[in-house]
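This report concerns the domain arrangement and the salt bridges of one protein model. Please consult the sequence and the coordinates shown below while reading.

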Amino acid sequence: MDVIPGDMVVNAMMVAMAAHSEDQQVQVIYHVTSSMRNPAPYSILWKSLFQYFNDNPPCTGRNGERVRLKKMRFFSTVIWFKLYMAVKYMLPLEMLRLVNIALCGVFSRRYNELSRKFRFMMQLSELYAPYTLFKGCFDDINLDKLRMGMNKDNQNNNGAYYFDFDPKYIDWGDYFYNVHIPGVLKYTRD
């Protein structure tokens with residue numbers, strides 16, 4: 001998974017603009033990426049999600065009790081996902097359809113609702129599969145050269161850069177748990 005915090009992208013953009021402010025004709029592509037230097041595996045994301053929602057339970061049941069979370073499943077290919085969905089959801093849905101036919105449409109409303117939800121989920125999986133199952137890595141050599149070219153004036157008293165954008169120092173577990181997940185929750189709620 002190739003993720004990068006937004007502040008690092010902005011820092012890299014500002015340093016690139018300053019580095020090329022004199023020469024307007026230069027066209028350099030900078031991939032602000034973590035895939036080569038410090039990849040963020042899905043295993044860290046799902047462990048962070050599970051830990052975060054266990055520590056900060058957002059869901060309560062109808063009677064106000066805490067909903068127990070199950071560990072999420074991740075699939076390496078679309079085929080494995082479709083196979084899982086077929087066994088876990090499509091087969092029971094087809095059984096409901098047959099029972100509905102045998103009982104003259106008693107479960108029509110329920111079947112139609114569940115069928116619509118299943119089709120929607122499968123459409124979403126097709127839409128996002130190229131992004132979630134992407135196995136590529138982006139070359140960040142130009143960005144590394146830019147990072148090395150920053151002069152010592154850009155350092156603070158501790159020797160760290162003011163405009164830091166080196167992904168090798170990102171602790172992905174800490175980032176997902178303390179920054180990304182709370183941020184997504186904060187800015188996606190109604």
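The model is predicted: local features need pLDDT of at least 70, side-chain atom pairs count only at pLDDT 80 or more, and totals for chains, interfaces and linings use all residues. Residues are numbered from 1 along each chain as its sequence is written, and side-chain values use heavy atoms, with hydrogens and water left out.

**Domains and interface**

The domain assignment, whose bounds come from an automatic or database source, divides the chain into domain 1 (1–58 + 137–189) and domain 2 (73–136). Their C-alpha centres are 36 Å apart. Domain 1 contributes 4 residues to the contact and domain 2 contributes 6 residues, where contact means heavy atoms within 4.5 Å.

About 450 Å² is buried between domain 1 and domain 2, and carbon and sulfur atoms give 68% of this area. Buried area is the accessible area (1.4 Å probe) that two parts lose on being put together, summed over both. On the side of domain 1, Y42, W46 and C137 lose the most area to domain 2, together 75% of what that side buries.

Between the two domains there are 0 salt bridges, a salt bridge being a side-chain nitrogen of Lys or Arg within 4 Å of a carboxyl oxygen of Asp or Glu. The residues of domain 1 that touch domain 2 comprise 4 nonpolar, no polar and no charged; the nonpolar class is Ala, Val, Leu, Ile, Met, Phe, Trp, Tyr, Cys and Pro, the charged class is Asp, Glu, Lys and Arg, and the others, Gly among them, are polar.

**Salt bridges**

The structure as a whole holds 8 salt bridges.

R37 lies in the loop between α1 (6–19) and α2 (42–55), and D166 in the loop between α5 (141–149) and α6 (172–188), so the pair ties together parts that are 129 residues apart in sequence. Helices here are DSSP runs (H or I, at least four residues), numbered from the N terminus. D166 is buried at 5% relative accessible area, whereas R37 is partly exposed at 25%; buried means under 20%, exposed over 50%, and partly exposed in between (1.4 Å probe, protein chains only). R37 and D166 also belong to a network of salt bridges with D144 and R147.

R97 and E94 are 3 residues apart in helix α3 (residues 78–102), so about one helical turn separates them. K117 and E113, 4 residues apart in helix α4 (residues 108–132), are likewise separated by about one helical turn.

Key: Helices (H or I, at least four residues) and strands (E, at least two) are DSSP runs, numbered from the N terminus.
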